[in-house]
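Here are my notes on the model, as numbered points. Please read them beside the coordinates.

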Amino acid sequence: MSSKIWIVARREYLSRVQKKSFILVTLLTPLGIALFSVVIGFIMNAGSKSDQRVVIKDDTGIIQQIAAEDKNFPYDFSTKDLSVLKEDYSSLGYDLFVYVPAMRDSSTMRLAASYYSTEKPSLMILESIESKLSDQIETYRMRKSNIDQKLLDSFRADVSLENGAMDPNDPGSSAAAGKLNIIIGTALGGLMGFMMYLVIFIYGSMVMRSVMEEKLSRIVEVMVSSVRPIQLMMGKLIGVGGVGLTQLAIWAVLIPILLLIVAAFLPGVEPSQLANMKSGIEIDPQAVEDFSGQEVIAAIFNLKWWLILPVFIIFFLGGYFIYSSLFAAMGSAISEDMGEGQQLMMPIVIVVLIAFYMLFPVLSNPNGNLAVFASLFPLFSPIIMPARLAFDPPWWQIVLSIIIMLTTVWFFIWLTSRIYRVGILMYGKKVTIREMIKWLRYSE
Amino acid sequence: MSILRLDKVTKRYRDHLAVDEVSFEVQPGTIFGMLGPNGAGKTSTIRIITTITGPDSGQVYFRGEHLNKTHPSQMGYLPEERGLYKKMKVGEHLLYLAQLKGLSRQEADKKCKIMLDRFEALEWWNKKVEELSKGMQQKIQFIATIVHDPVLLILDEPFTGLDPINSNMIQDEIFRLRDKGVSILFSTHRMEQVEEMCENIILINKGKNILMGNVKEIRNRFKEHLFQVSYKGDLPSSFSGGLELVRNEDHTATFRIPDQDTPNHLLQFLMGSGCEIQSFHEILPTINEIFISQVKGISHE
């Protein structure tokens, strides 16, 4: 009885895993990601370094005076005539010319400087120039008021928030590491949520296509004489799910290795940085730069992998079964081509997209009300709960979420198998979702 | 005891009655023909027998027991619309289907090879299904249907797309199985095969059972008392005693004799008229003719 499910699952699994295309995709994807990260690394490096040359004509006299003491001040000064500079700054080798007029009043707040540039400068460089100019003037004014640098420094305060519950004896639990954990958690959460989203579509549509092909080529007609439709469907779901797990397992080994290799050969490209990119969560680059690579790696190793990995796999399987059983039901209802399928897929796609976009608010507030709701609601939880795992969600939420999800898996398989068994033997007419609901009531 | 008995089986789909109180019985070691035009309800009936769907009302008995989900493992069903996985190898595919019928891997391997050999196809073992011709694929499907030694074989149009040689090969196999005691439910709309192969038939149209019985008995039941005579010389110019000349071509004449009359009268009359009789036989209607007249008769009502 159930051994037939395994016979079907075995065929579904082996026929896919032995395909050349599977082997290629499985091996080339990590390579592709590594390559992608190299390219992104170059782009980000190129973008962050300002190679724009700036020349300043300073009529206040203050800026140049103070800046002369700062070896890191990135801009040049010129004393040439304003009209000359306006004309010739680019022939002198500069991209941008900034003119700071003299101050009418030495205590004035606002100072309007103007820039000249052949090309439109980026907002970033303008802001950077503004803040550097302001800094010089502020420093000058403080000196003029005879405020001693030491006194000034003694005014400074740096409040840093630490996790009060952290073990002070744990070397990895400095204040910085606490923040680092959040950054890494966000990155990891984004990555996991994104992967679940991909998994649902990749393997879901794999199931759907294969159900459709079996129906249209009339293979099911032969199959249902020896296997019950639910066994056929379950076998397929298990087989394709196994393919997914295999692929993930290979990627889980290959991708980190390749990324470490990339990171070793390309300074300035951090795996965590890439994760940020993928999850689309903006993290202040300054915040990441504050940590050394070793700290990052230590923090990654400090995550509760013994919890995160198994729970992730449970949610992977739960999400896979919920959605791919729906895809199987849709595939069974198709009677001509994939075009018909797109229409039937729409409602599923919308739900998955909602869950995916919930990732962003959830990751910025991983234990908020929305996060708790979305990680319990079974259509969202396979995407949302894995994303929260790195933020230590309460135990009861994980357990409750799994219970609700597994119940839903059971319910969906029951529901979709009732649609499937009618759909696979029904030809000719286009099927609407309303009609599929009627199939639920058909007697066996 | 019959292998299969249907008792007033009815199946209704939302907009129409697919099977309407169909009853019949299949005896062990016989070939039972199920005839009907397209859409008559043959496939729906078969799906009920193979427990793919259930009847809305009526009973099905398999070897005297109420039909249940364990019984299909003793049946072999070759559906009319049938496909195979194109990318699979023939041997692998047969093993897969045989294992799904409940055979262990070793058993399946042994039996599939014996079967392929009998169908002169053992060298296909490592070929992909897509490399085979349609007829070859049919053979593979037939093998998959009988590989687990079913006691009831359900064949839905088993000969479509086969050349005469392969057709004969499969027909011989069907006879061989029948002689071994296997019962065969043979669904088709090709009548000449029915006459050749079946002992008993049922004719269904629009879900209803319109005719059932022994093939010979049915042909007798619908006979029109027609006799064909080949002769030398000339026929008499007029006939007495209710004899009617239906056709006369090239020294072969067809007569209809009155219901209560016997062929002897016709012979005596012809011999008395002086023509020389070379052969004489009764013309029974073919199943095809009966089928058409019955189906038309029903649809004209």
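1. In helix α1 of chain A, the buried residues are A:Ile5, A:Ile7, A:Val8, A:Ala9, A:Arg11, A:Glu12 and A:Tyr13. Buried here stands for 20 or more other C-beta atoms within 10 Å of the residue's own, with C-beta atoms placed from the backbone (exposed: 12 or fewer; partly exposed: in between). An α-helix has 3.6 residues a turn, so residues three or four places apart point the same way.

2. The length of helix α1 (residues 2-17) of chain A agrees with expectation, because its 16 residues should span 22 Å at 1.5 Å a residue and its end C-alpha atoms are 23 Å apart. The expected span is 1.5 Å times one less than the number of residues.

3. This is a predicted model, in which local features need pLDDT of at least 70 and side-chain atom pairs count only at pLDDT 80 or more, while totals for chains, interfaces and linings use all residues. Residues are numbered from 1 along each chain as its sequence is written, and chains are lettered from A and ligands numbered from 1 in the order in which they are written.

4. The model scores ipTM 0.81 and pTM 0.76. For chain B the mean pLDDT (the predictor's confidence in each residue, from 0 to 100) is 86, with 98% of its residues at 70 or more.

5. Chain B contributes 19 residues to the contact and chain A 15, two residues being in contact if their C-beta atoms, placed from the backbone, lie within 7 Å. On the side of chain B that touches chain A, helix α2 (residues 90-100) of chain B gives the most, with 4 residues.

6. In chain B, 4 strands form an open antiparallel sheet in the order β12-β13-β11-β14, where pairing requires at least two DSSP bridges between two strands. The edge strands β12 (244-249) and β14 (276-283) of chain B each pair on one side only. Strands β11 (residues 226-232) and β13 (residues 252-256) of chain B are joined by 5 bridges; B:Ser230 has B:Thr252 in β13(B) as its bridge partner.

Technical notes: Helices (H or I, at least four residues) and strands (E, at least two) are DSSP runs, numbered from the N terminus.
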